[in-house]
Amino acid sequence: WIPVVVVIALISTVALFGSPTLALLYLSWISVILTTQFSDDYLRLPLNFTFYEALFMMIATLVFLSWMQMGNLSWGRSTRLDRPVLVFLVAVGFSVALGLYYGQSTSQMLRDVRFPLYYALFFLVTGFFDVRKSFTFLLLILGAAAVVGVEYLVELVQTVNLSFEGAFYRVARIEGLMMPIGTLLIATIFIYDTSFFRQFLSGLALVPIGVALMVTVGRGMWIATLTGLLCLIGLVYIRRNQDPKPMKRVLILVLVPFFVLLMGNVFQRITGIGVGETATRRLVRVVDNYEQDHSISGRLQSYAAALEKVIQRPLFGGGHGETVTYVANDENGVLTVMTLGAVDSTYLTIMMRMGIVGLIAFLWIYVRSIRMAYGLLGRTNQSRVRLFCAAFVAVYSAMLVYGIADATLIGNRLIFVHVTFMGILARLDIEEADGVSA
């Protein structure tokens, strides 16, 4: 793996010293395509820094030095998201102080607080990102999602013994979240992009992304994807008098999940992997006997433990470093004592650490972002800006729903993608007000 690491180091160097925009695009891309295992095994840095955090710090340093050399120390025009993001970061800082006051574990605190602090990237994006590259960002993220889809399928085929009909292994990674995001980006390109070539390439990308979305057997991801598609259908309906051929667009959106199901079925028939049986079993257990599903029962027990913590300190939470302890059955049915610093819910995790105040600060960011994207979609005349805004509304409506059962918006490296997406939207909002073409 040494040659691979050397190539990554060389590409990272070129990206970092190319331009701030290139560096920010690279950070979003590399944080998606590199697996957690590869990063931990070959790219772990001293003091337990991850490769992505080192890139983030180097980008911040280089941007700061560039800003100082410019002579003009004004950071640029403020955006409508500056205040929500700043309030959230202040709330995170207050939560750290609160955790120290309550005597929370310092090591646990450092593990927990690193991810919310990634939201500081927002100010680098709004200050230095070239907004003309906004569409490039979408294509880059779509390409990264396709790469992750291929990685999923390769791991599945390598792990499962294909000589046994119906064998299955569930691939579960942090990067799996890119499957619903990629699907929604493709659906948006189908209905808002006028380029047949890009639509064709997006259709090709949907093959690995859609199949991987099926083989994840992730109920939350499926629900999030359907939520995003429904949002796109709603946007088409609301704008039926402004956009041409609304019924054709609705038909395309309705066909996307059927195409994904078709690809999953074809993949199952070719490989003999038991995707359908596993998916059916997982869905049936939700409504039939969820106690037999250790993932559901364990999750509900963790939620109950987190709620007890929230009830004890509802306003500001227990600070970063707060943990929950509960007893649950593992995959083998053995009772195990679990101690976690986060639960599989963005909202419960935030309230456990930062209370209701922290949750309000967090939701302020995303609710205002979605409203801003919806408003910009209605008033812009630029097709690419409309596409970007529609994609944002669909993706982050889906992510807010997905956050009910996953802590992704507050607890992993894909925050770099979310914050860059959000920062570009804030810049587009300013540029549209100024009448500048993006």
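Visitor: Is L425 buried or exposed?
Guide: This is a predicted model. In it, L425 is buried, with a relative accessible area of 0%.

Visitor: Which helix does L425 lie in?
Guide: L425 belongs to helix α18, which covers residues 415–434.

Visitor: And what is L425 in contact with, leaving aside neighbours within four places in sequence?
Guide: L425 is in contact with S369, M372, A373, L376, F388, C389 and F392. For F388, the C-alpha to C-alpha separation from L425 is 7.9 Å, across 37 residues of sequence.

Visitor: Which residues of α15 and α16 meet?
Guide: From α15 there are Y347, Y366, S369, I370, A373, Y374, L376 and L377. They meet V385, R386, C389, A390, F392, V393, Y396, S397, L400 and V401 of α16.

Visitor: How do the residues of that contact divide by class?
Guide: The contact of α15 with α16 has 15 nonpolar, 2 polar and 1 charged residues.

Visitor: Moving on, how do the axes of α11 and α12 cross?
Guide: Helix α11 (residues 219–238) and helix α12 (residues 246–271) cross at roughly 175°, and their axes come within 9 Å. That angle makes α11 roughly antiparallel to α12.

Visitor: What meets what between α11 and α12?
Guide: On α11 the residues are L226, L229, L232, I233 and V236. On α12 they are P246, R249, V250, L253, V254, V256 and P257. By class, the contact of α11 with α12 comprises 11 nonpolar residues, no polar ones and 1 charged.

Visitor: Now α2 and α7: why does that pair count as oblique?
Guide: Helix α2 (residues 20–33) and helix α7 (residues 121–128) pack at an angle of about 140°, with axes 10 Å apart. That angle makes α2 oblique to α7. The crossing of α2 past α7 is left-handed.

Visitor: Which residues make the contact of α2 and α7?
Guide: P20, T21, L24 and L27 of α2 make it with L121, L124, V125 and F128 of α7. The contact of α2 with α7 counts 7 nonpolar residues, 1 polar and no charged.

Visitor: Next, α6. Which of its residues are buried?
Guide: In helix α6 (residues 106–113), the buried residues are Q108, M109, D112 and V113. Seen down the axis of α6, they fall within an arc of 120°, so they line one face of the helix.

Visitor: What covers the buried residues of α6?
Guide: The cover includes α5 (82–101) and α15 (346–379).

Visitor: Take V92, then. Where is it, and what does it touch?
Guide: V92 is found in helix α5 and is buried, at a relative accessible area of 1%. Not counting residues up to four places away in sequence, V92 touches V113, P116, L117, H320 and M354. V92 and R353 are 261 residues apart in sequence, yet their C-alpha atoms are 9.0 Å apart in space.

Visitor: Changing topic, is S39 buried or exposed?
Guide: S39 counts as buried, at 3% relative accessibility. It lies in helix α3, residues 36–42. Leaving aside neighbours within four places in sequence, S39 is in contact with R44, F51 and Y52.

Visitor: And where is R44?
Guide: R44 is in the loop between α3 and α4 (51–69). At 35% relative accessibility, R44 counts as partly exposed. With residues up to four places away set aside, R44 touches S39, F49 and T50.

Visitor: Finally, how many helices and strands does the chain have?
Guide: The protein chain has 18 helices and 2 strands. Of its 438 residues, 52% are buried. Among contacts between residues at least 6 apart in sequence, 77% join residues at least 24 apart.

Definitions and conventions
Residues are numbered from 1 along each chain as its sequence is written. This is a predicted model: local features need pLDDT of at least 70, side-chain atom pairs count only at pLDDT 80 or more; totals for chains, interfaces and linings use all residues. Side-chain values use heavy atoms; hydrogens and water are left out. Buried means under 20% relative accessible area, exposed over 50%, partly exposed in between (1.4 Å probe, protein chains only). Helices (H or I, at least four residues) and strands (E, at least two) are DSSP runs, numbered from the N terminus. The arc is that of the directions from the helix axis to the C-beta atoms. Contact means heavy atoms within 4.5 Å. Ala, Val, Leu, Ile, Met, Phe, Trp, Tyr, Cys and Pro count as nonpolar, Asp, Glu, Lys and Arg as charged, and the others, Gly among them, as polar. Axes are lines fitted to C-alpha atoms, for helices over the stretch in contact, and angles run from 0 to 180 degrees between N-to-C directions. Angles under 35 degrees count as roughly parallel, over 145 as roughly antiparallel, 65 to 115 as roughly perpendicular and the rest as oblique. A crossing is left-handed if the near helix is turned anticlockwise from the far one by less than a right angle, and right-handed if clockwise.
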